[in-house]
Amino acid sequence: MVVATNLGFPYVGAKRELKKLIESYWSGKISEADLKSGYEKIQADHWKLQKEQGLEHIPSGEYTLYDRVLDTAQQFGAIPQRYQHIKNPLEQFFAMGRGLQKAATETTEKVDVPAMEMKKWFDTNYHFIVPEFEQDQTFTLQAPRAVEQFKAAKALGIHTRPVLVGPVTFLHLGKAAKNAGEFDTLSLLPKVLPQYVELLKQLEAAGADWVQIDEPILILDLKDNVKAALETAYKTLKASTSLKLLVAAYFGRVESNILSVKDHVDAIHLDLVRAPEELDTVLPLLTNNQILSLGLVDGRNIWINNLAKSLELAEKAIAALGKDRVFIAPSCSLAHSPFSTSFEKKIQEKNPELFSWLSFSVEKCAEIVTIAKALNEGRQAVQGALEKNAAAVESRRTSPQTTNPAVRERVAQTPASAWKRPSAFAVRREAQVKKLKLPLFPTTTIGSFPQTKEIRVARQKFNKGELAEDKYNEFIKAEMKRAVEFQEKVGLDVFVHGEPERNDMVEHFGHLLHGYAFTENGWVVSYGSRCVKPPVIFGDVSRRRPMTIDEIVYAQSLTQKPMKGMLTGPVTMMKWSFVRDDIPAKDLCAQIGLALRDEVVDLEAAGIPCIQVDEPAIREGLPIRRADWDAYLDWSVACFRLSTAGVRDETQIHTHMCYSDFNDIFDAIAALDADVITIENSKSDEKLLNIFETKQYTNEIGPGLYDIHSPRVPSVEEMKQRFGDMLKYLPAHLLWANPDCGLKSRGWPEVEAALINMVEVAKYYRAQHQQ
């Protein structure tokens, strides 16, 4: 019979209960024991819910308190030297993820360690912690989460399928530790494989029968040595256990990479949402009663499944393999999807048609079960569900809510001259230097200042109608004034208004654009305990009205220093939303680009001298396969330029990008033609700077001086060294001083301390260059 399965579930909880538990632990409000009992309850509730939904293979072991890759590193003893003196495993785990800074006490020594590097998980907006390895790395299995969680579920009477991060993905995504020298991290495979074998033995002893091993690197363009490592790994693992092994690939096409593992596993999972064509490619390759797991339900987006189309694909697989060799599954872990539409009362009441198009994790589990039941018992067994689904699919296809002819006509009629600034950077820079009169090494921030409890409470009261609009606006103005006065005090050169009115850099603008809708509880994890609630793009996009003018003009009136207008770029507005999948992405991005262009032009007309259009998602949006890169980069870069090219030479355009590998797309980044680019750098050991030197980047740049995702405050000396390293790669006249990213998640005391240190560093090097 066809089996209904899942690859992973949103571990943060129905209403972000895990986030609240973890942050309460960090702040000292609850104990480690309280945290443990709290997350164990969330785990149990999730397992029970999936069982009640009718799933037969329920995942365990994928539940984490910060990041699954970090879990894997710690449980195999891949702990960098700087954290090894932290003896409490939980404190050590969080220190690796977010850094730790503690003063010395009578009984404890001072602790001051930065966090490990963080990167985007393939082309998602989730960030994972990058493992660090030494050439002589040793691995030791310790307290494996997969065993612990399997036993916990078993005690509840729920037989789960443990989930592991695969050995080759683990090593391939890792990096050589600083000062470890250059080496291929896959050379450590013979050392880590015995620990995976031991882990499988422990799972087998605990009573597991299936194990899911995630190897998402199977969808990358892999070199021969990586393919050889995959074959070695799975040949070894299969020979070591009687457990049935399912290798899971997702987010793209496996292509010929599947040949490296197919003979050494019992089941293969394919993402048939991203790559439905792969079904025909892989079916003929399966032998020896191997099972195919069909990723038919989109694990990354929020639209209902087209059950009729999914059944067609599944029936093709069954015709080739039989029912006993087919699993039905989401395309990837549902951790990338919100919890349940049952919390979305506002959309249900105000826009029932749109609500009928939505499906979150709980509903996706039901879709998986419906597909499996239709295959096992015949479509008549779920006829009502199929008819309801078909009506909703047709409603979405034909609804006037999704189409605005005027918007589409404007995109079609946009002239070629609108897609590029008329003057070269050298000409623009001369005009900007004359107008702005900035010192050498100008200092600024990325945009946001702390979103304090007072701001969140005021916004919540305003949204509930408990705070009058005029009173709320007075409060926001007071917060902006506080931010301006703070920047005057600290001594920054280019100011921001602090963004107190913004809940999120995408959601805020979505409320001011046609074509967007908003959830009440559509949270997904971005990194650690940080969650985001992406808006939903369901229709054609245009600007309702000016979005930022009043706030920025007011902030500029409070200071003589130049103020930056702050906008989120078109690619990021699209990628960090739950995006519609019924029109080409490039057309939607151009719609957003034109809406933002209107705002950029209005900001300039209002006297704002600098305008920052952030594009942190442009690298993350890069297609997995290199063959698809050029087309994406052509339209994504063009849409950024479309949004920014309507201003005069003297108006300085900034952009910001963070936590991505830029080397492969450097030419595209240069083609953005921003006057100033700020990037994450503090966790990257200056490796990003090599490419800027090699390619002789000519525009201005601000590599981040310190990590804002950690609560620790780096010293002046630490930042001096980092800034000095920057000067080895970048011309002094092009260099800015700034943090890695926005400061909304930090507290005012640490923000003040860090920025004072940063300004001191800029002053020091300014004086050095004036001597």
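A residue counts as buried when its relative accessible area is under 20%, as exposed when that area is over 50%, and as partly exposed in between, using a 1.4 Å probe and protein chains only. Keep that in mind as we walk through this predicted model, in which local features need pLDDT of at least 70, side-chain atom pairs count only at pLDDT 80 or more, and totals for chains, interfaces and linings use all residues. Residues are numbered from 1 along each chain as its sequence is written, and side-chain values use heavy atoms, leaving out hydrogens and water.

Let's start with the whole protein. Buried residues make up 62% of its 771 residues. The C-alpha trace spans about 75 × 65 × 50 Å along its principal axes. The protein has 27 helices and 23 strands; these are DSSP runs numbered from the N terminus, with helices (H or I) of at least four residues and strands (E) of at least two.

Now look inside. A nonpolar core is a set of buried Ala, Val, Leu, Ile, Met, Phe, Trp, Tyr and Cys residues joined through side-chain atoms within 4.5 Å. The largest one holds 142 residues, and among those that touch the most other members are Phe 170 and Leu 294. Helix H7 (residues 189-206) gives this core its largest share, 9 residues. A second, separate core has 94 residues, including Ala 555 and Tyr 697.

Aromatic rings come next. Two rings are described by the distance of their centres and the angle of their planes. Rings of Phe, Tyr and Trp (its six-membered ring) pair if their centres lie within 6.5 Å; planes under 30 degrees apart are stacked, over 60 edge-to-face, and the rest tilted. The whole structure contains 28 aromatic pairs. In one of them, Trp 121 and Phe 128 have ring centres 5.5 Å apart and planes at 75 degrees, so this pair is edge-to-face. Both Trp 121 and Phe 128 are buried.

Phe 666 and Tyr 697 are also edge-to-face, with 5.7 Å from centre to centre and 75 degrees between the planes. Phe 666 lies in helix H24 and Tyr 697 in the loop between helix H25 and strand S23, so the pair ties together parts that are 31 residues apart in sequence. Phe 666 and Tyr 697 are both buried.

Finally, a charge sits over a ring if NZ of Lys or CZ of Arg is within 6 Å of the ring centre and within 35 degrees of the ring normal. The charged end of Arg 16 sits over the ring of Trp 523, 3.7 Å from its centre, while Arg 300 lies over the face of Phe 251, 4.9 Å from the ring centre.
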